[in-house]
Amino acid sequence: MKVDIISIFPDYFAPLDLSLIGKARTTGTLNLSVHDLRTWTHDVHRTVDDSPYGGGPGMVMRPEPWGQALDAVGSPGATLVVPSPVGKPFTQAGAHELAGLDHLVFACGRYEGIDQRVIDEAADRMPVREVSLGDYVLFGGEVAVIVILEAITRLLPGVLGNADSLTEESHAAGLLEAPVYTKPVSWRDREVPDVLRSGDHGRIARWRRDQSMLRTLTRRPDMWADYPPENLDKKDRKALLEAGFQIPPGRVAE
Ligand code: 6GU
């Protein structure tokens, strides 16, 4: 996958040399370039911002450097990704969609944002996705791009040693993952649950399933409400009732 990042703070992306993203770059799985937006300014101050039309606080990124930057790094098959608090929420499903594309261009806005015409004009030529990490405001898109790239890179073929990690993990099937434990079996008077040491793979799977459901139900009622009732069988229903949860009629398959 080819990825280009455009930012006024290219140094923000130094961590992308490290760990598994760094390795994906070394092996060629991820062909990543970071570009300084000021490359495409032509005044002595290398200006990228100006005051907003209509008034109001802060500054807005001017369209000319962005237009030239996107012309320079774009490709016929590129998708533009613009991290923004007004974007569509970024999810694991969105990560899978982006991971299937050949070329991503990330445009990192700062200040109050990028002149809207940049996004509108780009959308006439290429797919554009404005994505948000959540309901809070960051200084700019840089940290968001690192987050999004990390979610995408681990989905690229060959990046994770064990592909089961992807199917078993939280959000893969609409539920949170069960808690995990390792050695020692006793630590500060806390024991690893016996079932995980039983060697009984059926019981272990049942326990993990129950933990997944109960975690999701209590921590993420929004995810639980979206979980398809047809994915809950009789044993799931029994476990939920035993744990003291009411199951609304029709929520659970008979
Ligand atoms: Cl993706 N960008 C910015 N600037 N702020 C955000 C965000 C993104 N997601 C949540 N807040």
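Okay, some housekeeping. The model is predicted, so local features need pLDDT of at least 70 and side-chain atom pairs count only at pLDDT 80 or more, while totals for chains, interfaces and linings use all residues. Residues are numbered from 1 along each chain as its sequence is written, and side-chain values use heavy atoms, with hydrogens and water left out.

Let's start with the ligand.

Now look at the backbone. A polar backbone atom of Leu133 sits 2.8 Å from a nitrogen atom of the ligand. For Tyr136, a backbone N or O atom is 2.5 Å from a ligand nitrogen, and for Leu138 the value is 3.2 Å, again from a backbone N or O atom to a nitrogen of the ligand. A polar contact means a pair of N or O atoms within 3.5 Å; within protein, one must be able to donate a hydrogen and the other to accept it, and residues adjacent in sequence count only if both atoms are side-chain atoms.

And how much of the ligand's accessible area does the protein cover? The ligand has 290 Å² on its own, and the protein covers 96% of that. Those areas come from the Shrake-Rupley method with a 1.4 Å probe, and for residues only the protein chains shown count as cover. By the way, helices (H or I, at least four residues) and strands (E, at least two) are DSSP runs, numbered from the N terminus.

Together with Phe9, Tyr12, Val143 and Val147, they make a nonpolar surface patch of about 510 Å². Patches use residues with over 30% relative accessible area and no salt bridge; nonpolar side chains (Val, Leu, Ile, Met, Phe, Trp, Tyr) are joined within 5 Å, and like charges within 9 Å. Val147 belongs to helix H5 (residues 142-153), and its relative accessible area is 40%, so it counts as partly exposed. That label has cut-offs: buried is under 20%, exposed is over 50%, and partly exposed is in between, with a 1.4 Å probe and protein chains only.

Next, the rings. There are 2 aromatic pairs in the structure. Phe9 and Tyr12, both from that patch, form a tilted pair, 6.1 Å centre to centre with 55° between the planes. Phe9 is partly exposed at 37%, and so is Tyr12 at 34%. Trp224 and Tyr227 form a stacked pair, at 5.9 Å and 5°. Here Trp224 is buried at 10%, and Tyr227 is buried at 5%. Rings of Phe, Tyr and Trp (its six-membered ring) pair if their centres lie within 6.5 Å; planes under 30 degrees apart are stacked, over 60 edge-to-face, and the rest tilted.

On to charges. Side chains of opposite charge can pair when their charged atoms come close. The structure holds 15 salt bridges, each being a side-chain nitrogen of Lys or Arg within 4 Å of a carboxyl oxygen of Asp or Glu.

Take Arg125 and Asp71, whose closest N and O atoms are 3.3 Å apart. Arg125 is in the loop between helix H4 (116-123) and E7, while Asp71 is in helix H2 (residues 63-73), so the pair links distant parts of the chain, 54 residues apart. Arg125 is partly exposed at 41%, and Asp71 is exposed at 52%.

Where does the pair of Arg209 and Asp236 lie? Arg209 is in helix H7 (residues 201-219) and Asp236 in helix H9 (residues 234-242), so this bridge ties together parts 27 residues apart in sequence. Its N to O distance is 2.9 Å. Asp236 is buried at 2%, whereas Arg209 is partly exposed at 21%.

Last stop, still in helix H7: Thr216. Thr216 is buried, with a relative accessible area of 0%, and a polar atom of its side chain lies 2.9 Å from the backbone nitrogen of Leu176.
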